[in-house]
Amino acid sequence: MRGVIKLLPMVLLAAITACGSGGGSSAVVNPVVNGWSWIGGSNESGAYGVYGLQGVPAASNIPGGRYISVSWVDNDGNFWLFGGSGNAANGVSGNLNDLWKYIPSTKQWVWMSGASTINAYGSYGTMGVAAAGNVPGARLGAVSWKDSAGNLWLFGGFGNAANGVAGALNDLWKYNISSNQWTWVSGSNTISATGVYGTKGIPSNSSVPGARLGSVGWVDKNGSIWLFGGAADILTARVYNDLWKFNPSSNEWTWVAGESSVNIPGIYGVQGIPALTNQPGGRLDSISWQESNGKVWIFGGHGIDAVGKLGNLNDLWSYSPDTNIWTWNSGSNVSGAYGTYAKQGTASPNSIPGAREHRIPISWVDSGGNLLMLGGDGNGASTSGILNDLWSYNPANNQWTWVGGSTESNAFGSYGTLGATAVGNQPGARMDGVGWVDSSGSLWLFGGSGNGANSNGYLNDFWKYN
């Protein structure tokens with residue numbers, strides 16, 4: 001199934017509160033109602049990027065079709081997009097390191113940094129020193145955060161370091177929006193770096209996570225960056241369940257929880273009961289959220305279940321940073337579960353999303369505290385493939401609601417009229433798009449690998465969900 005990964009880092013890792021998905025966790029926003037509108041890009045797969053002049057907004061600019069990118073929302077409400085795997089400007093496809101900004105007020109894209117070609121190597125400069133010539137190499141499957149000062153952060157993925165062939169990365173980067181400069185903060189400028197764990201719970205300048213892709217992350221109330229899981233290689237034969245924290249003030253990593261070895265089975269305990277011995281198994285391509293109280297939630301991914309089997313998961317976990325305790329809340333403790341879709345729009349103890357990975361990195365939390373997610377690659381009610389189902393989870397009653405989209409895999413998109421919201425509009429099934437939540441609570445979705453109106457491949461369609 002998994003010869004070359006079709007991953008990921010971030011429903012909305014990019015809207016982290018300082019993500020959001022990311023790459024990351026998500027901001028608390030107002031409720032949304034079911035109404036999609038196709039905003040821009042092609043309604044078919046295969047579109048190439050229109051870059052224009054670097055730093056100059058234009059109505060004709062738009063990133064090419066891609067998947068496994070990362071995203072952020074800045075403090076001014078602009079949307080940011082970095083890299084992934086897809087189409088550049090020159091008629092070829094590969095890994096990307098282009099950085100884009102979308103300005104909702106003007107409805108224009110701006111190419112800000114990186115190459116308009118594929119497979120660019122990283123330019124690292126001096127660790128800790130920002131410079132105009134610095135730029136991360138092309139990559140897919142990274143994870144992203146935004147800090148309280150508005151800086152954009154990027155970790156790892158699979159791609160190009162300073163030289164040589166592509167591989168898994170553990171480099172940590174910071175991008176300053178006002179100066180348009182990258183800083184290499186931590187990690188190696190080569191591929192396949194081994195992790196240095198140190199002592200669990202003790203910060204250290206020498207500690208660092210190993211190279212990986214497909215992690216999830218979030219930022220806590222103190223401004224520390226958190227990282228969970230991922231895979232050590234593109235074939236995903238080695239998956240982590242380690243949990244890390246990075247302090248930007250001291251530039252120190254702390255190994256917080258999980259194991260220093262790969263392919264650890266999950267220890268589930270009793271559903272709904274927190275326990276110090278509980279821990280999710282190793283996995284990549286999960287979905288994550290962060291509540292306003294700091295509690296973190298992780299759903300599914302491709303990983304190791306309770307009996308040691310590697311497969312797609314639909315387990316839902318919560319983690320309390322204050323107690324360092326995991327709780328298994330919902331879903332199966334074995335891989336491969338299919339979804340159960342009760343009445344659309346109605347919460348039910350019998351509803352549960354099917355096992356999935358390669359999530360669209362758009363997870364968000366509404367103003368009522370419900371966790372929402374969209375699509376991925378996995379199991380619908382009875383078929384397997386790419387998905388476009390929309391789900392909501394209520395932590396208060398431990399119930400899922402199927403909100404919209406198809407109960408089965410591989411649905412094609414229904415685009416309607418450009419710019420017009422309609423009940424019948426629906427993005428096609430896909431994995432690894434990126435997304436953002438704006439200040440009014442609307443969800444925005446871009447690209448991924450999946451179905452347009454009639455074709456399958458790299459997408460650059462741009463959607464808004466009101």
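Visitor: What share of the 466 residues in the protein is buried?

Guide: Buried residues make up 61% of them. The word means under 20% relative accessible area, while exposed means over 50% and partly exposed is in between (1.4 Å probe, protein chains only). Keep in mind that this is a predicted model, where local features need pLDDT of at least 70, side-chain atom pairs count only at pLDDT 80 or more, and totals for chains, interfaces and linings use all residues. Residues are numbered from 1 along each chain as its sequence is written, and side-chain values use heavy atoms, with hydrogens and water left out.

Visitor: How many helices and strands does the protein have?

Guide: There are 31 strands and zero helices. Both are DSSP runs numbered from the N terminus: a helix is H or I over at least four residues, a strand is E over at least two. The C-alpha trace spans about 55 × 55 × 40 Å along its principal axes.

Visitor: What makes Arg66 and Asp98 a salt bridge?

Guide: The rule asks for a side-chain nitrogen of Lys or Arg within 4 Å of a carboxyl oxygen of Asp or Glu. Here the closest N and O atoms are 2.8 Å apart, so the pair passes. The pair links distant parts of the chain, 32 residues apart: Arg66 sits in strand 3 (residues 66-67) and Asp98 in strand 6 (residues 93-103). Arg66 and Asp98 are both buried.

Visitor: Why are Asp315 and Arg283 called buried?

Guide: Asp315 has a relative accessible area of 0% and Arg283 has 1%. Those values fall under the cut-off, so both get the label. These two also form a salt bridge, with the closest N and O atoms 2.9 Å apart. Asp315 belongs to strand 20 (residues 310-320) and Arg283 to strand 17 (residues 283-284), 32 residues apart.

Visitor: How many salt bridges turn up in a search of the whole structure?

Guide: The search finds seven.
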